[in-house]
Amino acid sequence: MREFWGGILVAMLVTGAGVAAVLFRTKLRRTRNHPPVAAPDEELTRLTGELAHEIKNPLSTVKINLQLAKEALDDVDLTEPSRVLWDQCRHNLAGASRKIAIVQKETERLEHILDGFLKYVRRPDLQLATVDLNELVGDMVDFYSPQAYSHALTVRQGLCNEPLTCRADPGALKQVLLNLFINSQQAMEGPQREPSHSGSPDKGGELMIRTVRRAGRAVIQISDTGKGIPPERLPSIFQPYRSSRSGGTGLGLATAKKIVEAHGGTIAVHSEVGKGTSFTIELPLVNPAAESDDESA
């Protein structure tokens, strides 16, 4: 029996050690129709180095827990009828089960890391349509508002009083906006709170979204009253693997920048420590010559 379980765990150990490579090859096959964007050797080297760093810890956890599970199962002996031995077997089996659950969680984490990496290096495949950014932003505010409420955030929006018509991929832009909303939420660190007697949660911060027209371009501004970003971090905030949040992939803002630039737009950040942060997205209008500008954003 020991040899049986030992053989299984050795196989699992080999499988676990190679899981990242298998996942990576699988994901690459899925992206054959969307080849990665060519990058200078130095940038590509840095990205792959960062990826290796990101997957090192979960792989180490997989290896250690598979070894511990193997050791627990090596001690299982179902040939002895002793009550003490049966209790010990159950204990070992339960311990091995917990270790295998950890392995499963870490392999899911590896898949998440690799998914993020491949989404970043892949050339954006935009499905362009004619959209009114006011409607798109309004839809995302409605979608996000329940989550903001649960984190004690007040959402304020001010949309341009005329349509802001752009050629854009609605799904991709919604991804960008949601990422920025969540970044702001985390910066304000609004814990989930019970509603007060008035029926609304205690104030945990303000998220402000507005759209304007400026110099023939549509502008989306997302501001928060969070802790702000230190000046030394601002120059690298859109670079991959620069997240300061525990558990973050460090690719959210980098991917957002790629998506915005693929639309022919720009994204910029302004922040003051202790006051908050503001992200500004500018996108080309469909017919800017026919549009009059709003106030400066």
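I began with Phe238, which at 15% relative accessibility counts as buried, where buried means under 20% relative accessible area, exposed over 50% and partly exposed in between (1.4 Å probe, protein chains only). The model is predicted, with local features needing pLDDT of at least 70, side-chain atom pairs counting only at pLDDT 80 or more, and totals for chains, interfaces and linings using all residues. Residues are numbered from 1 along each chain as its sequence is written, and side-chain values use heavy atoms, leaving out hydrogens and water.

I then looked up the aromatic pairs and found two; rings of Phe, Tyr and Trp (its six-membered ring) pair if their centres lie within 6.5 Å, with planes under 30 degrees apart stacked, over 60 edge-to-face and the rest tilted. Tyr144 and Phe181 are both buried.

Phe279 has a relative accessible area of 4% and is buried.

Finally, I looked up the largest cavity. A cavity is a set of points on a 1 Å grid over the protein atoms alone where a 1.4 Å probe fits but cannot get out, and lining residues have an atom within 4 Å of a point. Leu133, Leu136, Leu173, Val176, Leu177, Ile220 and Ile281 line the largest cavity.

Definitions and conventions. 1 Å grid on protein atoms, 1.4 Å probe; cavity = no way out; pocket = protein on both sides within 12 Å on 5 of 7 lines; lining within 4 Å.
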